[in-house]
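Please look over the structure shown below. A report on its main features comes after it.

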Amino acid sequence: MADIVREFVGLPSPAIGRAGAGGHPCQGIYHRPAGQAPTTAFIASHYNVDFSEHYLASYLAERGYGFLGWNTRFRGNEANFLLDHALAEIGVGVRWLREQAGVERVVLLGNSGGGSLMAAYHSQAVEPNVTPVTGMRPLAALDDLPPGDLFVALAAHSGRPEVLTAWLDPSVTDERDPLSVDPALDPFNPGNGPPYSADFQLRYRGAQRERNDRITDWALAELDALDGTRARDKLFLLARNWADLRMIDPSIEPSDRRPNWCYLGEPVKANYGVFGVGMVSTLRTWLSMWSLRTSQCIAAPHLARIAVPSLVVHATADACVYDSDARRIFDAVGAADKTLEFIKADHYLLEPDGARDQAADLIAAWVADRSLAGS
């Protein structure tokens, strides 16, 4: 194994100042092989997960590439996420790679939820289209983002609003009561399945979209009600969001995944637990990230603006990202040079042994094939 240099990078944000305790809003770790200054480097970022020590960073550094695991100020702060601010802060990392690390080619790595985020970044860089959420001022930095040269989607889904809606439990009848349930839509009612009939699946998916829309209607009304008051926003809770029928019924989109399983274990336990995506939001964060109607975090429009060479890698044993997600991403990418690959692995490439090496080999070879000068 090659020796890897890990360099901490802390930089200012174009949106907010440095923390009183001293921390920079934008932070990450740059991985590179010792004694080398790679001319090709990856950058990976996520809506809220800390990617500074991303699991592929050292693997790709060992293969001669730089890798910046990059965090915006929303790491661990999903409840306050704003897309336009996050994109501006990803731009800080891309610019550092080009201007300080000496990188000539930047590979945007969209992993997991980061798939739609990095697609939105490149989309905004090449064709500005993202607008501030209601009541927020535009950021000048958003109109001057350095684009990527290559795009990779790894174990990625097709957007935050879509994935949350696909996971929502539509049997909730009262958003203030996490135990409220409509038995006719309850995915854990044995009378409904599994297996789930085609009719139940159709009603269920429609009810999930309706729940998302109801929350959007409520959020917009609440913002209007705050107008003229001392408050500009407020927090709220979202219950029961581990209820995608595919998590429970392996006959829906069959794959190598473990049946009746999600990222937090058994879906019924996770669904009635207190951990999960979107469980705490402000009104504006809901509109910016989770709403099917108002969010700009849906990947497809952004993917259509990606003309650089693109690679989509799907992990076939992923518990909560499915074959249809990968194919939807691949079909939406606007690039003429695009490749779809499959590896048998779980979401984090922990199983089977060697899956991370396999993914790193695949990605590194794909990048090298599109390089005239190597890394």
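Predicted model: local features only at pLDDT ≥ 70, side-chain atom pairs only at ≥ 80, totals over all residues.

An open sheet is formed by 8 strands, in the order β1-β2-β4-β3-β5-β6-β9-β10, with mixed pairing. At its edges are β1 (4-11) and β10 (338-343), each of which pairs on one side only. On average, neighbouring strands of the sheet are turned by 20 degrees against each other, direction ignored.

Both senses of pairing can be seen around β4. Strands β2 and β4 run antiparallel and are joined by 5 bridges; here F67 in β4 is the bridge partner of H31. Strands β3 and β4, in contrast, pair in the parallel sense over 4 bridges, and I43 stands opposite L68 in β4. Another parallel pair consists of β6 (residues 150-154) and β9 (residues 310-315), with 4 bridges. In that pair, V313 of β9 is the bridge partner of L154.

## Strand β4 under cover

How much of β4 is buried? The strand is mostly covered, with 6 of its 6 residues buried. G66, L68 and W70 point one way from β4, while F67, G69 and N71 point the other way, and all are buried.

## Helices on the sheet

Helix α2 (residues 83-99) packs on the sheet and touches β1, β2 (26-33), β3 (40-44), β4 (66-71) and β5 (105-111). The direction of α2 makes about 155 degrees with that of β4. Helix α3 (residues 114-126) lies across β3, β5 and β6, and runs at about 145 degrees to β5.

Helix α10 (residues 323-332) has S324, D325, A326, I329, F330 and A332 as buried residues. Their cover includes the strands β6, β9 and β10, together with the helices α6 (245-248) and α9 (299-303).

## Loops and backbone details

The peptide bond from P194 to P195 is cis, with omega near -5 degrees. P195 is found in the loop between α4 (160-167) and α5 (198-226). Another cis peptide bond joins E351 and P352, where omega is about -5 degrees; P352 is placed in the loop between β10 and α11 (355-369).

S112 and R240 are residues other than glycine with a positive phi. For S112, in the loop between β5 and α3, phi is near 55 degrees. S112 is buried, with a relative accessible area of 14%. For R240, in the loop between β7 (235-237) and α6, phi is near 60 degrees. R240 counts as buried because its relative accessibility is 1%, and the cut-off for buried is under 20%.

## Salt bridges

A search of the whole structure finds 23 salt bridges. One of them joins the side chains of E89 and R73 at 2.8 Å, N to O. This pair links distant parts of the chain, since E89 is in helix α2 and R73 is in the loop between β4 and α2, 16 residues apart. E89 is buried at a relative accessible area of 0%, and R73 also counts as buried, at 18% relative accessibility.

The side chains of E175 and R211 meet in a salt bridge of 2.8 Å, N to O. E175 lies in the loop between α4 and α5 and R211 in helix α5, 36 residues apart, and the pair links distant parts of the chain.

R95 and E99 form a salt bridge through their side chains, at 3.7 Å, N to O. They are 4 residues apart in helix α2, so about one helical turn separates them. R95 is partly exposed at 27% relative accessible area, and E99 counts as exposed at 55% relative accessibility. E62, R63, D357 and D361 are linked in a network of salt bridges.

## A nonpolar surface patch

L179, V181, V268 and Y272 make a nonpolar surface patch of about 340 Å². V268, one of these residues, is in helix α7 (residues 267-271). V268 counts as partly exposed because its relative accessibility is 35%.

Terms used. Residues numbered from 1 in each chain as written. Heavy atoms only, no water. Pairing = 2+ DSSP bridges. Helix = DSSP H or I, 4+ residues; strand = E, 2+ residues; numbered from the N terminus. Axes fitted to C-alpha atoms, helices over the stretch in contact; angles between N-to-C directions. Contact = heavy atoms within 4.5 Å. Patch = residues over 30% accessible without salt bridge, like charges linked within 9 Å, V, L, I, M, F, W, Y side chains within 5 Å. Areas by Shrake-Rupley, 256 points an atom, 1.4 Å probe, with all protein chains shown as cover. Salt bridge = Lys/Arg side-chain N within 4 Å of Asp/Glu carboxyl O. Buried < 20%, exposed > 50% of the residue type's maximum accessible area, 1.4 Å probe, protein only.
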